[in-house]
Amino acid sequence: MKTTDTATPGVETPGPSGGSGPVVTKTVAPTPRKESKSEGAVLNVFSHGVLIIWAIMVVMPLLWAVMTSFKTDRAIFTSPWSLPDGLHFENWSRAWSQAHMSDYFMNTIVVVGGSLIGTLLFGSMAAYVLARFDFPGNRFIYFLFIGGMSFPIILALVPLFYVMQNMALLNTPHGLILVYIAYSLPFTVFFLTAFFRTLPTSVAEAAFVDGASHTRTFFQVMLPMAKPGLISVGIFNFLGQWNQYLLPTVLNTEQDQKVLSQGLVQLATSQGYKGDWSGLFAGLVMAMLPVLAAYIIFQRQVVAGLTAGAVK
């Protein structure tokens, strides 16, 4: 008979009778290695130092742009790093009215608002079907959306221009909305498909047992459960569509239909030698404020949506 005890592995201890008795094999559990406190402290200081440097690199240009928007043109060139001598709100009013930033701002809200609603609606519907139903061609359609993420939009500008021209959609808000939706759908479907796969199937099955249709189950049961994912992908699409410049430059050339990114470029290029730099920085801050406000308001939901798919 052999018994096992905790001692050094492979060491056999003879029995009490000097070798004729039962052999007792002793095994010793390996001693856990303790992490040095000094190494952890150094790593902690290093990681915090990198985060502080990164925060400075991100925040400082934003603060400098806001500070410069309240200066005069003379102060921008003579003392670019000093605080403004006063809050010159006339820079903002001049950019809002004389530079037509108000028109560009409203056009951008209409286009981005419509495209964001359409992207989330159609993207969530397609992602739900691809994630929850098995049918012939499911994976093929899914990989078509994945392939759309890798297709450079610059290669489609010329054929897209002629297609929009033949459909009488050039220089129209609804035409630009449709293009934005098509541009944003691949990433939206890719993101939400993975998110819908993590949702419990028991809730949908209970809805079907209660007599709910597929449409009612999607809109009243599954879509509210996917709210964190919708907010996350909505923020990403909002950032991309708000700052979009290439598509409206090609498809939206009418002065009264231009969006905010086109207006900023026009404000910068139309100055010539005059140089209304204070008004330009005021317009730039106007364009940044909605993006910053959206991220600050929904930052918790963005993080929750990104991490919700990792845990079932």
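Modeller: A pocket here is found on a 1 Å grid over the protein atoms alone, as an open set of points where a 1.4 Å probe fits, with protein on both sides within 12 Å along at least five of seven lines, and its lining residues have an atom within 4 Å of a point. Grid points are joined across faces, edges and corners, and a volume is the space filled by probe spheres set on the points. This is a predicted model, in which local features need pLDDT of at least 70 and side-chain atom pairs count only at pLDDT 80 or more, while totals for chains, interfaces and linings use all residues. Residues are numbered from 1 along each chain as its sequence is written, and side-chain values use heavy atoms, with hydrogens and water left out.

On those terms, the largest pocket holds about 430 Å³ of space. Its lining is made up of 17 residues, and those lying nearest the centre are Ile153, Ala182, Tyr183, Ser184 and Pro186. By kind, the lining has 12 nonpolar residues, 5 polar and no charged, where Ala, Val, Leu, Ile, Met, Phe, Trp, Tyr, Cys and Pro count as nonpolar, Asp, Glu, Lys and Arg as charged, and the others, Gly among them, as polar.

Of the elements around the pocket, helix 7 gives the most to the lining, with 7 residues.

Definitions and conventions: Helix = DSSP H or I, 4+ residues; strand = E, 2+ residues; numbered from the N terminus.
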